[in-house]
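Here is a short report for a first look. Start with the sequence and the 3D view.

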Amino acid sequence: MTISRRTLIIAASAGAAVALAGCNNLATLNRLNALTPGDGGIVKRIDGAAYGSDQRQRLDVYAPADATAPLPVVIFFYGGGWNSGYRGGYAFAARAIAARGFVVVVPDYRLVPQVRFPAFIDDGAAAVRWTVDHIAASGGDPKRIAVAGHSAGAHIAMMLALDGRYIAAAGASGAIKAVVGLAGPYDFLPFDQPSAIAAFGKAPDPRATQPISFVRADAPPALLLTGDADDVVRPRNSRALAAALRLKGAKVEEKEYPGVGHVGLLLALSKPFRGKADVLDTMTSFLRRTLPR
């Protein structure tokens, strides 16, 4: 599909507005789907399946329309400071990843102030369990599941991958075979931002909220992507986690994009912005290598 000049201008304007608004205001980002051409050949297999009893515990599933064999699966958790976001706004990311040969699950999860840590991690684990039990019906391979996310979603994904207690409690131990974090907060003590204070400030043990506290040698292979212009979640989070994982002997890859900011890293998954950073190529290449048939 040819992208018109008008579409590019509108999309660029939307991207600028998103960057100015920051990661906690997703209203502009949620309109990106309507402003930019999506990746073709992708179907929404499931719309709003329940993985729990709360209205926020719903998920969507995207897959290539012409898939003939079970495909590897990516569960993508969006960001929003643990207090905002809606799965429908991330169809552009799900379609982009699915177009590279994956089945993609995008869950909603309960948010602050309805809940505090660790409820959104529990929801992530429940979504993984749902995926193990049901993804085969949508063409996915339940034995090849990765978790991924941006910002607060990367925190959820990394907590699930590193602190095995959540997945074990959901009855899905061993389900996560790889993890991808985009601009994630992994080592952010002390809590000095309002969103972090609201989400984690009452945790009995603050260290238990930090993915870096749970690095281990047998962790799933990890890919950490960040931008050196990110002033929302500083790149030191990815650098510190990568160093800690290497020290333990775990498999980890990292890439830092010059001149790319917090939201820009996510927008690089969409067609109009892929020239800014090869996030989609790097992510899907890593997942193909770590989720082999």
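## Confidence

Where pLDDT is low, the predicted coordinates should not be read in detail. The chain as a whole has a mean pLDDT of 90, and 87% of its residues reach 70 or more.

This is a predicted model: local features need pLDDT of at least 70, side-chain atom pairs count only at pLDDT 80 or more, and totals for chains, interfaces and linings use all residues. Residues are numbered from 1 along each chain as its sequence is written, and side-chain values use heavy atoms, with hydrogens and water left out.

## Salt bridges

The whole structure holds 16 salt bridges (a side-chain nitrogen of Lys or Arg within 4 Å of a carboxyl oxygen of Asp or Glu). One of them pairs D60 with K44 at 3.5 Å, N to O. D60 sits in strand β2 and K44 in strand β1, 16 residues apart. Strands here are DSSP E runs of at least two residues, and helices are H or I runs of at least four, numbered from the N terminus.

D60 is buried at 2% relative accessible area, while K44 is partly exposed at 36%. Buried means under 20%, exposed over 50%, partly exposed in between (1.4 Å probe, protein chains only).

R110 and D123 also form a salt bridge, at 2.8 Å, N to O. R110 lies in the loop between β4 and α5, and D123 in helix α5, so the pair ties together parts 13 residues apart in sequence.

## Around G261

G261 lies in the loop between β8 and α10. G261 touches A229 and D230, leaving aside residues up to four places away in sequence.

Key: pLDDT = per-residue confidence, 0-100. Contact = heavy atoms within 4.5 Å.
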